[in-house]
Amino acid sequence: MIYKLGIGVAIAFYLASFNFPQLSPHLLSSLSPTYPDGFPGLALLLLRVSLGWLFILHGYPKITHLRQWAESLKTPVVLCFLSAASMLGGGIFLIIGFLTLLATLPILGSMIFAIYLDISGSKPFVAQDPYLIPEDQYQGPLGKGEPPSWEKAFMYCVMLIAIAVLGPGAYSLDVLIFGR
């Protein structure tokens with residue numbers, strides 16, 4: 001049943017793209033119709049690959065320890081799986097520059113949810129420097145660590161929005177698929 005819905009949406013999207021060029025398959029890549037090359041393209045490549053690698057590093061341990069992660073967040077396992085899979089798969093897609101806009105949106109949703117959890121947990125935007133906190137007040141899971149805040153999730157959101165708007169750049173698989 002769900003596959004019929006997916007096929008129907010894909011056909012409707014394809015037919016609408018003839019009347020509305022802004023809905024072309026290019027939209028799967030970015031909100032921008034161009035792929036910058038040269039230095040701007042290299043900067044986007046660096047941003048894309050770095051961010052993709054970071055999300056692989058964040059997504060892999062979450063997907064391999066899914067139940068513990070879900071219990072620590074008090075969130076359903078299914079939602080945690082979707083979040084971890086979007087980080088892992090989206091990270092790979094970001095690195096190769098494939099379906100870049102579709103890769104950024106689920107991760108962006110996960111990061112917005114992370115911000116929500118941090119704000120609802122009364123965590124500060126920027127945590128106090130861990131070296132300024134008295135010894136007995138904060139110990140991370142492996143000893144002295146970075147106190148919780150929502151600064152990192154916010155910065156990930158900013159970077160994901162930049163990639164979604166500017167696109168993957170000329171050095172991506174999307175250029176080979178969608179052209180310049």
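**Reading a predicted model: terms and values**

Reader: What share of contacts in the protein chain between residues at least 6 apart in sequence join residues at least 24 apart?
Author: The share is 70% for the protein chain, taken among contacts between residues at least 6 apart in sequence. A contact here means heavy atoms within 4.5 Å. The model is predicted, and every value below is computed from it.

Reader: How many helices and how many strands does the secondary structure of the protein chain have?
Author: It comes to seven helices and zero strands. Read along the sequence, the pattern is α-α-α-α-α-α-α. Of the 180 residues in the protein chain, 33% count as buried.

Reader: Which residue follows α3, and what is its phi?
Author: Lysine 74 follows α3, with a phi near 55 degrees. That is a positive value in a residue other than glycine. Lysine 74 has its place in the loop between α3 and α4.

Reader: Is lysine 74 buried or exposed, and how do you know?
Author: Exposed means over 50% relative accessible area. The value for lysine 74 is 75%, so lysine 74 is exposed.

Reader: What puts the buried residues of α3 on one side or on several?
Author: Helix α3 runs over residues 66-73, and Leu66, Trp69 and Ala70 are buried in it. They cover an arc of only 100 degrees around the axis, and therefore lie on the same side of α3. In an α-helix there are 3.6 residues a turn, so residues three or four places apart point the same way.

Reader: Which exposed residues does the face of α3 turned away from its buried side carry?
Author: That face carries Arg67, Glu71 and Ser72. On the buried side, what covers the residues of α3 includes α2 (38-64) and α4 (77-96).

Reader: How much space lies in the largest pocket, and which residues are closest to its centre?
Author: About 970 Å³ of space lies in the largest pocket. It is lined by 28 residues, and Lys62, Trp69, Leu73, Ala114 and Asp118 are the closest to its centre. Two or more lining residues come from each of α2, α3, α4, α5 (100-120) and α6 (151-166). The largest share, eight residues, is that of α5.

Reader: What classes of residue make up the lining of the largest pocket?
Author: The lining has 16 nonpolar, seven polar and five charged residues.

Reader: Where do leucine 47 and threonine 64 stand in space from isoleucine 95 and alanine 84?
Author: Leucine 47 and isoleucine 95 are 48 residues apart in sequence, and 9.2 Å apart from C-alpha to C-alpha. Threonine 64 and alanine 84 are 20 residues apart in sequence and 9.2 Å apart, again C-alpha to C-alpha. Leaving aside neighbours within four places in sequence, leucine 47 is in contact with Met159 and Ile163.

Reader: How many disulfides does the count come to?
Author: The count comes to zero disulfides.

Reader: How do you know whether cysteine 80 and cysteine 157 are buried or exposed?
Author: Cysteine 80 is at 2% relative accessibility, under the cut-off of 20%, so cysteine 80 counts as buried. Cysteine 157 is at 7%, also under 20%, so cysteine 157 counts as buried.

How values were computed
Residues numbered from 1 in each chain as written. Predicted model: local features only at pLDDT ≥ 70, side-chain atom pairs only at ≥ 80, totals over all residues. Heavy atoms only, no water. Disulfide = S-S within 2.5 Å. Buried < 20%, exposed > 50% of the residue type's maximum accessible area, 1.4 Å probe, protein only. Helix = DSSP H or I, 4+ residues; strand = E, 2+ residues; numbered from the N terminus. Arc of directions from axis to C-beta. 1 Å grid on protein atoms, 1.4 Å probe; cavity = no way out; pocket = protein on both sides within 12 Å on 5 of 7 lines; lining within 4 Å. Points joined across faces, edges and corners; volume = space filled by probe spheres on them. Nonpolar A, V, L, I, M, F, W, Y, C, P; charged D, E, K, R; others polar.
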